[in-house]
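Trainee: I have a new model open and would like to talk it through. Could you help me read it?

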Amino acid sequence: MERETYTADVERADAKIAMLFNLRLQIKKSAKETYTKDEILGLLDAVAEKIKGGI
C-alpha cells in the first residue's frame, strides 16, 4: 500500500511540474511583458484544459 501511495504522490508532483512548465512556455512565447490577474488565470485555464483533454 505504501508503494501505491508513493507512486500516486510522484505522479501528482509530476503533473504539477508539467502544468507549471506548460504555463511558463505559454508566457515565454508571448510578446507581453506584464500580465493581469485575469490573464494569468486564463493561461492557467488553457493549460488545464489542454492537460484535461489529453487524459
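Trainee: What are the numbers of helices and strands in the protein?
Mentor: Keep in mind that this is a predicted model. Counting the secondary structure elements gives 2 helices and 0 strands.

Trainee: What radius of gyration does the protein have, against that of a compact globule of 55 residues?
Mentor: Start with the outline: the C-alpha trace spans about 45 × 20 × 20 Å along its principal axes. A compact globule of 55 residues would come out near 10 Å. For the protein, the radius of gyration is 14 Å.

Trainee: What share of the 55 residues count as buried?
Mentor: The accessible surface comes to about 5000 Å², and carbon and sulfur atoms make up 60% of that. To count as buried, a residue needs a relative accessible area under 20%. The share of the 55 residues that do so is 5%.

Trainee: Is D14 buried, partly exposed or exposed?
Mentor: Happy to look at that one! D14 is found in helix α1, which covers residues 2-29. D14 has 46%, so it is partly exposed.

Trainee: How far is the C-alpha atom of D14 from that of A48?
Mentor: Along the chain, D14 and A48 are 34 residues apart.

Trainee: Which ring does the charged end of K32 sit over?
Mentor: The cut-off to the ring centre is 6 Å. The charged end of K32 is 5.5 Å from the centre of its ring, and that ring belongs to Y35.

How values were computed: Residues are numbered from 1 along each chain as its sequence is written. This is a predicted model: local features need pLDDT of at least 70, side-chain atom pairs count only at pLDDT 80 or more; totals for chains, interfaces and linings use all residues. Side-chain values use heavy atoms; hydrogens and water are left out. A charge sits over a ring if NZ of Lys or CZ of Arg is within 6 Å of the ring centre and within 35 degrees of the ring normal. Helices (H or I, at least four residues) and strands (E, at least two) are DSSP runs, numbered from the N terminus. The radius of gyration is taken over C-alpha atoms; the globule rule is 2.2 Å times the number of residues to the power 0.38. Buried means under 20% relative accessible area, exposed over 50%, partly exposed in between (1.4 Å probe, protein chains only). Accessible areas come from the Shrake-Rupley method with a 1.4 Å probe; for residues, only the protein chains shown count as cover.
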